[in-house]
Amino acid sequence: MFCFKCGASMPEDSTVCPQCATPVQAAPTPPPPPQASAPNPASTSAWLNVPAAPTQYPPQYPPQAQPYQGYQHPKTDGGAITSMVLGIASFVLCLSFLAGIPAIILGHISRSKIKKSMGRLQGDGLALTGLILGYISLLFIPMIAAIVIPNLLRARISANESAAASTVRTINTTQITYSTTYPEQGYARDLATLGGGQTNNCSSGGTAEHACLLDNQLGNSSCTSGVWCQKGAYQYTVSSNCAAPNFGAQQGTENACAEYVAVATPINSNTGHRNYCSVSDAVIRSRSGGPLLRPPTAEECQGWAPL
C-alpha cells in the first residue's frame with residue numbers, strides 16, 4: 001500500500017505513514033468517474049480520437065437473376081402452319097377443293113385461337129397467308145369449270161355418238177344374219193322381227209317372225225316399222241317399203257324384202273349432235289343436226305355422208 005500524500009510504501013495494516021506521519025484514514029475518497037458525454041468536435045482534435053475499427057463482415061455478392069418460372073415462350077399454332085401449307089398447295093397446284101377450302105377453314109380457326117390465347121400462341125401471319133391463298137384458289141373453280149365441263153360434255157356426246165353408230169352396225173349384222181337364215185323373207189321389216197317378241201322366249205331358237213337376234217330393249221314387240229325405241233342416249237328404228245310379211249304361208253324369194261333403212265337419232269341436243277342411218281349396203285352414214293321427228297327413206301339416207 002502507498003501513502004496518498006507522499007507516496008511512500010507502507011504495510012497493509014499501517015494506520016499512519018512512517019514517512020510523513022499522515023494518518024491513512026485521512027485519505028480522500030476518490031470522486032466518482034465522470035459520465036461520458038459526446039465529445040465536442042470543435043474542441044477535440046481528430047488525431048487524438050482514433051476511430052473504432054469497423055466491424056468485419058463477409059463479402060456480400062448480389063444474387064444472380066433467376067428466370068421467371070411462370071413465363072413461357074409463345075408457341076406457333078399448328079393450325080396456322082397447316083393453313084399456310086394447304087394455301088400454297090391450293091394456289092400452286094390449283095387444288096381449290098382439296099386444299100383451298102381446308103386452308104380457309106383452318107386459317108379462321110387458327111386466328112381465332114391465337115386471338116384468344118392472350119399472347120401464348122403466335123402464327124397469325126401464317127394463318128392469314130393460308131387464308132389469302134385459299135380464297136385466291138377459289139377463283140380457279142369457275143375457270144376450271146369453264147374448261148372441264150364443256151370437255152366432259154363433248155366426251156359424253158362423243159361416247160353416245162360412238163355407241164349409236166355401233167348399234168346401227170349391229171342392226172346391219174343382224175339383218176344380214178336374218179336374210180341368210182330366212183331368204184324367203186329377205187330383210188326384217190322392223191326391229192320387232194329381229195328381237196324376241198313380247199314373250200322373249202328365245203331358249204328354243206328364233207323364228208322368222210321373231211328371230212331373237214336383238215336384245216329385248218330394241219327388239220320388243222312395240223318396236224314396229226317407223227316406231228322409235230330408246231337405248232341409252234339414242235332412239236332407233238328400222239323401216240321398209242316392203243309388203244307386210246306372211247309368216248304362215250310359203251313364198252318364194254321374189255317376194256322377199258330387199259331394202260330397209262336403220263336410223264339412230266339422239267334423244268335431245270344434249271345427248272348427241274349427229275344422226276346415223278344405214279341401208280342394205282351396210283354403210284354407216286351420218287348427218288349433223290338435232291333429233292329427227294321421222295326416219296329418212298332409203299334414198300334420203302344414201303344422200304348422207306358415209307363414215
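Ala 262 has its bridge partner in E6, and that partner is Ser 278. The strands E5 and E6 pair in the antiparallel sense, over three bridges. Two strands count as paired if DSSP finds at least two bridges between them. Strands (E, at least two residues) and helices (H or I, at least four residues) are DSSP runs, numbered from the N terminus.

This is a predicted model, in which local features need pLDDT of at least 70, side-chain atom pairs count only at pLDDT 80 or more, and totals for chains, interfaces and linings use all residues. Residues are numbered from 1 along each chain as its sequence is written, and side-chain values use heavy atoms, with hydrogens and water left out.

## The sheet

An open sheet is formed by six strands in the order E3-E4-E5-E6-E7-E8, with antiparallel pairing. E3 and strand E8 (305-306) are the edge strands, each pairing on one side only. Strand E6 (residues 274-278) pairs with strand E7 (residues 285-288) in the antiparallel sense over four bridges. In this pairing, Tyr 276 has Ser 286 in E7 as its bridge partner. E6 and E7 form a hairpin with six residues between them. In the turn, Ala 282 has a positive phi of about 65°.

Four of the five residues of E6 are buried, and the strand is mostly covered. Buried means under 20% relative accessible area, exposed over 50%, and partly exposed in between, with a 1.4 Å probe and protein chains only. H4 lies across E4, E5 and E6 and runs at about 25° to E4. Such angles run from 0 to 180 degrees between N-to-C directions, and the axes are lines fitted to C-alpha atoms, for helices over the stretch in contact.

## The nonpolar cores

In soluble globular proteins, nonpolar side chains tend to be buried together. A nonpolar core is a set of buried Ala, Val, Leu, Ile, Met, Phe, Trp, Tyr and Cys residues joined through side-chain atoms within 4.5 Å. Which residues have the most contacts inside the largest nonpolar core? They are Tyr 178, Leu 191, Tyr 234, Tyr 236, Ala 264 and Tyr 276, in a core of 25 residues. Two or more residues of this core come from each of helix H4 (140-181), H5, strand E4 (234-239) and strand E5 (261-266). H4 gives the largest share of this core, five residues. Apart from this core lies another, of eight residues, including Val 263, Val 279, Cys 301 and Trp 304.

Not counting residues up to four places away in sequence, Leu 191 touches Ile 171, Leu 214, Leu 218, Gly 219, Cys 223, Tyr 236, Thr 237 and Val 238. Contact here means heavy atoms within 4.5 Å.

## Helix H3

Helix H3 (residues 124-138) has 15 residues, which at 1.5 Å a residue should span 21 Å. The end C-alpha atoms of H3 are 21 Å apart, which agrees. The expected span is 1.5 Å times one less than the number of residues in the helix. The buried residues of H3 are Ala 127, Gly 130, Leu 131, Leu 133, Gly 134 and Ser 137. H1, H2 and H4 are among what covers them.

## Salt bridges

Side chains of opposite charge can pair when their charged atoms come close. A salt bridge is a side-chain nitrogen of Lys or Arg within 4 Å of a carboxyl oxygen of Asp or Glu. By this rule the count is five salt bridges. The table lists some of them.

| Pair | Closest N and O atoms |
|---|---|
| Lys 113 and Asp 77 | 3.4 Å apart |
| Lys 231 and Asp 215 | 3.3 Å apart |
| Asp 281 and Arg 285 | 2.9 Å apart |

Lys 113 forms its salt bridge with Asp 77. Lys 113 lies in helix H2 (residues 96-116) and Asp 77 in the loop between strand E1 (75-76) and helix H1 (78-92), so the pair ties together parts that are 36 residues apart in sequence. Lys 113 is partly exposed, at 43% relative accessible area, whereas Asp 77 is buried, at 6%.

Lys 231 forms its salt bridge with Asp 215. Lys 231 is in strand E3 (residues 229-231) and Asp 215 in the loop between helix H5 (191-194) and helix H6 (216-219), so this pair ties together parts that are 16 residues apart in sequence. Lys 231 is partly exposed, with a relative accessible area of 29%, and Asp 215 is partly exposed at 33%.

In the pair of Asp 281 and Arg 285, Asp 281 is partly exposed at 37% relative accessibility, whereas Arg 285 is buried at 10%.
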